[in-house]
Amino acid sequence: MENAFAPISEACVKALSDKTYEKRKVAALEIEKMVTDFKTKKNMTQIKRIIDVLSRDFVRSNDSNKKKGGLIALAATSIALGKDTEKFIEDIVNPIMNCLIDNDNRVRFFASESLYNVVKVARGAVLPFFPSVFNALSRLVTDPDQSIKNGSEILDRLLKDIVIESSQTFDLDAFIPLVRERIMVKSSFARQFIISWISVLNAVPEINMVMFLPEILHGLFQILEDPLPEIQRMCESLLAQFLKIIKLDPTAADIPKMTNVLIVQAQSSNPLIQFYAISWIKEFVQLSGGEILSFSSGIFTAILPCLAFESDAKKNIKDCANAVNLNLLELISNGEDKQKNLSYLDLNSVMEVLRQYLVHSPVPTKIAVLKWVHHLFTEVHDEMSEHANKLFPVLLRDCLSDSSDEVVLQAIVVLAEIVNSATVKGNDFDQTQYRQFLVELLNLFSENNTFLEKRGTLIIRQLCRLLNAEYIYRTFAEILLEERINLKIASTMVRTLNMILLTTSDLFDLRNMLHDIRNEKSASLFECLYRCWAHCPVSTLSLCLLAQCYQHVSEIVTLFADIEITVDFLVEIDKMVQLIESPIFASLRLALISHSNDNADAQHLSRALYGILMLLPQTEAFHLLNNRLKCVPNYWSQPNKISKSTNESQCNIKFDELFIYFKHIQDLHHQKRVEKRKKNQF
């Protein structure tokens, strides 16, 4: 009967199936000799039969010893064939590949060893099977058996050498999907395998890995979170290599696609991933110029929260995010390319993101957002005007109520820019935008009296610095004149405005205007403020002292005898006495010894101050004012012929009507206090 394994002898078949390695090895050497002889005789048919027998009856057998023998024999066949292995490469490689996933550790080991020997001989001829070999290797590097893992590393190095040798014919398009499929694995060994392959190919001049980077960038960043420092360092080094290539030739990279990936990675909870992602964004901003502005909303989402990092561990992330933020700001205001750059900016999406970060964000983030909003209003006001209505509620209700003074001040800068830009073309103070803004602000103060007390001065002072102080005061006064329901709020607001007027250096010009009410414009402002200030008697007194209406001051002081003296009233009088000693009222103190206008100003003022002195209990303020009055001449011994003071006599203000109005307002306040007491009794 003919030998079913011919041309392999029965003895050789038996030896190949033996359980001992030595006998299998001897049999494999016999097959190698047979193949060499057939090759010499150019009998390729017999060689094909040998390969078929080894594949069918040994490598694909259920007997593990036969598999091992067949694997050694196939490797021996390839060694004997040498370069001619290429003619039988598929028949040799495929059976071996099947054994790489065998359940038996030793079978897998011999399969990897056999494949190594075949690849070593075949070299470039094995490249058509590269995807299959690569797949097998990616599994072997994670094999639990260390000997298999070691063998796979040797095979891996060999395969890399062959790919480098054949770089010009290597199918990169087929390789990238293989990497993309495996780059998200969690195994450190598999990650190391993937990184090493990408690094090797990236180092080959003929291979352009950068063009495929968008497809694998996400996976590379995920590898940065590997628990093994060695894997992290490998990945960092690879990313550095890629970035270096991109910086040398930005046109070789698809920066827009990668930017989308980086924006996602920059929001990672892993600090290392976040740092590298933002670092790359920073480089891309510098490389791309204005085109990167099309990604502004996404970049803001990524970097704005980072500006609030406080720990030393995240300082590098914060610094990098801040650099990105500043670079983007420069792109918006770049004089030469400004219009071109702005064409890339999607203002609607940008403003949507910025508005979101104005609420429930840390202080540094809010500050950065407010600076951006201000910058945009400065640079592209016409385009930003449609966003003003949506911004106003957030700026007023959230930012002005923020616990941080810095946020409040920056919010006012933005509000002032919006208001000022809307009124820049007009010369009249009665601007709709001013009034709408101040009405909203006053409503905010009315809703929260504590807010007015804590932040009112800060907000109003900042507004006066940034906007026209006269407009601010006149408009506030007009609005408060309409307040008839909550008189207490009106009174509190007047006290706040009055104190700012008398103590803030930024209102120097406004005080000078009120010093001379002979001027028609000044007189108009004085009358407007007076009618509003009438809600607070001491503030009215201060305003008249500032305007040097000393006769009217003395008349008001006389009226105080009929006004209910409350604790608040005495506190305000006390503050006013303190202010009389301040530099702002230096002219008032000098007026006490002035001989102008037949001593009229001095006598009216002296009588008014003595009247105030009589109202005060003997506190520190009493002694302060008393000491001051001891330094002035005694006008009481002079004839009681006092003319009107200079300012009052030379202006068109009807002080008699103002006096009647003042009494009317005070009567209203008295009625409110009486009503409140009655309610409290019940």
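In these legends, contact means heavy atoms within 4.5 Å. Everything shown comes from a predicted model.

**View 1. Arg-355, a buried arginine in helix α18.** Start with Arg-355, which sits in α18, the helix that runs over residues 347-357. Is Arg-355 buried or exposed? Its relative accessible area is 13%, and buried means under 20%, so Arg-355 counts as buried. Leave out residues up to four places away in sequence, and Arg-355 touches His-387, Lys-390 and Leu-391.

View 2. Which residues does Ile-479 contact, once neighbours within four places in sequence are set aside? They are Arg-435, Leu-438, Val-439 and Leu-442. Take Leu-442: 37 residues separate it from Ile-479 in sequence, yet the two C-alpha atoms are 8.6 Å apart in space.

**View 3. Helix α5 and the helices around its buried residues.** Helix α5 covers residues 89-99, and its buried residues are Ile-89, Ile-92, Val-93, Pro-95, Ile-96, Met-97 and Cys-99. To see the spacing, remember that an α-helix has 3.6 residues a turn, so residues three or four places apart point the same way. What do the buried residues of α5 pack against? Four helices take part: α3 (44-59), α4 (64-81), α6 (105-122) and α7 (130-140).

**View 4. Where α31 crosses α34.** Helix α34 is made of residues 620-629, and its axis comes within 9 Å of the axis of α31. The two axes cross at roughly 35°, and the crossing is left-handed. Look for Asp-574, Val-577 and Gln-578 on the α31 side, where they meet Ala-621, Leu-624 and Leu-625 of α34. Sorted by class, this contact has four nonpolar residues, one polar and one charged.

**View 5. The largest pocket.** This open space holds about 690 Å³. Its lining is made of 24 residues, and those nearest the centre are Leu-487, Lys-488, His-669, Lys-672 and Arg-673. Which helix gives the largest share of the lining? That is α36, with eight residues. The helices that each supply at least two lining residues are α26 (487-503), α29 (537-546), α31 (567-580) and α36 (655-681). As for class, the pocket lining has 11 charged residues, six polar and seven nonpolar.

**View 6. The largest cavity.** Rolling a probe the size of a water molecule over the atoms shows where empty space is left. The count comes to two cavities of 30 Å³ or more, and the largest of them has a volume of about 50 Å³. Around the largest cavity you'll see Arg-495, Asn-498, Met-499, Val-538, Ser-539, Ser-542, Glu-572, Lys-575, Met-576 and Leu-579. Helices α26, α29 and α31 are the elements that give two or more residues to this lining. The largest share, four residues, comes from α31. By class, the cavity lining splits into four nonpolar, three polar and three charged residues.

**View 7. Met-211 in a loop.** The loop between α10 (188-202) and α11 (213-223) holds Met-211. A relative accessible area of 48% makes Met-211 partly exposed. Where does Asp-254 come in? Asp-254 is 43 residues from Met-211 along the chain, but their C-alpha atoms are separated by 6.8 Å.

View 8. Most residues other than glycine have a negative phi, and most peptide bonds are trans. Begin with Arg-123, in the loop between α6 and α7: its phi is positive, near 50°. At 27% relative accessible area, Arg-123 is partly exposed. Next comes His-360, in the loop between α18 and α19 (363-379). Phi of His-360 is positive as well, near 55°, and with 79% relative accessibility this histidine counts as exposed. Last, go to Pro-7, in the segment before α1 (10-16). Is the peptide bond from Ala-6 to Pro-7 cis or trans? It is cis, with omega near 10°.

Terms used. Residues numbered from 1 in each chain as written. Predicted model: local features only at pLDDT ≥ 70, side-chain atom pairs only at ≥ 80, totals over all residues. Heavy atoms only, no water. Buried < 20%, exposed > 50% of the residue type's maximum accessible area, 1.4 Å probe, protein only. 1 Å grid on protein atoms, 1.4 Å probe; cavity = no way out; pocket = protein on both sides within 12 Å on 5 of 7 lines; lining within 4 Å. Points joined across faces, edges and corners; volume = space filled by probe spheres on them. Nonpolar A, V, L, I, M, F, W, Y, C, P; charged D, E, K, R; others polar. Axes fitted to C-alpha atoms, helices over the stretch in contact; angles between N-to-C directions. Left-handed = near helix turned anticlockwise from the far one by under 90°.
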